[in-house]
Amino acid sequence: MSIWFKPYKLADLTVRVGMAHHLGIEFTEVGPDFLRGRMPVEDKTHQPDGILHGGASVALAETLGSYAAMLVVDPSKYRVLGQEINANHLRGVASGFVIGTARPVHLGRRSHVWEIRIVDERDKLVCISRLTMAVIETNASS
């Protein structure tokens, strides 16, 4: 059974502006209970030592978790806003792509908690992140 508000296709999800666009983040799969995407590991996502910057990993995690949270709620009634994110960086990556998968830990009426696992192209865990999203009624003041 799907967790999404309606059936979404990959073509419905594109990143055209903002940090995610700048970093080259793209969505690659929408499963029944997950959203997957990837980001290139290259100069614009490197730290000075030539490996993936932790902030870029967090940007990938927040992009996937935020978009996933948006896909769960009725957009005519609710919006979702990030409240907290943490990340443990476990392995360095110098090139290629990293692939992130966001899955819900908790889908409540007022908050969501998402786990985002980021792996390298060999499926080795690079970063694990947890994102808390507030679910706000669209007619409520922010």
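This section describes the overall fold, nonpolar core and surface of a predicted model.

The protein contains two helices and six strands. From the N terminus onward, these elements follow the order α-β-β-α-β-β-β-β. The C-alpha trace extends over about 45 × 30 × 25 Å along its principal axes. The radius of gyration is 15 Å, which agrees with the value near 14 Å that a compact globule of 142 residues would have. Of the contacts between residues at least 6 apart in sequence, 62% link residues at least 24 apart.

Buried residues account for 38% of the 142 residues. The largest nonpolar core comprises 34 residues, of which Trp4, Met39, Leu52, Val98, Trp114, Ile116 and Ile118 touch the most other members. Two or more residues of this core are supplied by each of helix H1 (18-23), strand E2 (35-41), helix H2 (54-72), strand E4 (96-107), strand E5 (111-119) and strand E6 (125-137). H2 provides the largest share, with nine residues.

When neighbours within four places in sequence are set aside, Val98 is in contact with Gly37, Arg38, Met39 and Val41, with Leu52, Leu60 and Val93, and with Ile118, Val119 and Val126. Among these partners, Met39, Leu52 and Ile118 also belong to the group of core residues that touch the most other members.

Conventions: Residues numbered from 1 in each chain as written. Predicted model: local features only at pLDDT ≥ 70, side-chain atom pairs only at ≥ 80, totals over all residues. Heavy atoms only, no water. Core = buried A, V, L, I, M, F, W, Y, C linked by side-chain atoms within 4.5 Å. Buried < 20%, exposed > 50% of the residue type's maximum accessible area, 1.4 Å probe, protein only. Helix = DSSP H or I, 4+ residues; strand = E, 2+ residues; numbered from the N terminus. Contact = heavy atoms within 4.5 Å. Rg over C-alpha atoms; globule rule 2.2 N^0.38 Å.
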